[in-house]
Amino acid sequence: MFCPNCGFQLPDDARFCSECGTVLTPVSQSAAPEPAPAPVSAPAPQPAPVIQPAPSFAAPLQPEPSYDSPRTPIVYIPEQKNNIMCVVGFFSSLGTILLGGIPSIVTLILSIIGLVQAKKNNERGRGLAIAGIIISSVLVASLTLGIIIGVIKNFYE
Ligand SMILES: [Zn+2]
């Protein structure tokens, strides 16, 4: 055995440490090392169960925002839908460029209807409708100007 105080090697039946004089009672010597690791190892498992409930409390909180996040896109999807008239007005006004701008009056009306409907129903596609109105207006203006110039030319000839 060894002295618990100074570590001096002693015979197993020694009652006193011959080096430092510490009383070596076999009960206190064997009991002393055992309780010492026990309190050390005991608090270690205790914090672990404390930490485990914490994530389990946090875990139910996390699915709640994850349930809200799928709901919000569902709400936004109908709002992001383009008004059909806006799309029709825009692309048909683009098409009228290829057709020489003759149906541009129709596409102008379509784009205006689209813009009004998009505002009323709070739909998207106002940008397309405004673009369609601008394209159609330019075509109508240039067509009207062309007709006026043509009429004036014919008048003076
Ligand atoms: Zn000793």
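A word on ground rules. This is a predicted model, where local features need pLDDT of at least 70 and side-chain atom pairs count only at pLDDT 80 or more, while totals for chains, interfaces and linings use all residues. Numbering starts from 1 along each chain as its sequence is written, and side-chain values use heavy atoms, with hydrogens and water left out.

Now the overall picture. The protein chain has eight helices and zero strands; here helices are DSSP runs of H or I with at least four residues, strands are runs of E with at least two, and both are numbered from the N terminus. Of the 157 residues in the protein chain, 18% are buried. Take contacts in the protein chain with a separation of 6 or more, and 50% of them join residues 24 or more positions apart; contact means heavy atoms within 4.5 Å.

Back to T107, which has its place in helix α7. Leaving aside residues up to four places away in sequence, T107 touches G89, S92, S93, T96 and S136. Helix α7 itself covers residues 104-120, and its 17 residues reach 24 Å from first C-alpha to last, close to the 24 Å expected at 1.5 Å a residue. That expected span is 1.5 Å times one less than the number of residues.

Which residues of α7 are buried? They are S104, T107, L108, S111, G114, L115 and A118. These residues sit on the same side of α7 because they cover an arc of only 125° around the axis, the arc being that of the directions from the helix axis to the C-beta atoms. The face turned away from that buried side carries the exposed residues V106 and K120. Just after α7, N122 takes a positive phi of about 55°.

Finally, the metal. The zinc ion has C3 (SG), C6 (SG), C17 (SG) and C20 (SG) as its protein donors, lying 2.1 to 2.3 Å from it. Donors are N, O and S atoms within 2.8 Å of the metal (3.2 Å for Na, K and Ca), and water is not among the atoms, so sites may look incomplete. In sequence, the donor residues are spaced C-x2-C-x10-C-x2-C. Among them, C17 is buried at a relative accessible area of 4%, whereas C20 is partly exposed at 35%.

Technical notes:
Buried means under 20% relative accessible area, exposed over 50%, partly exposed in between (1.4 Å probe, protein chains only).
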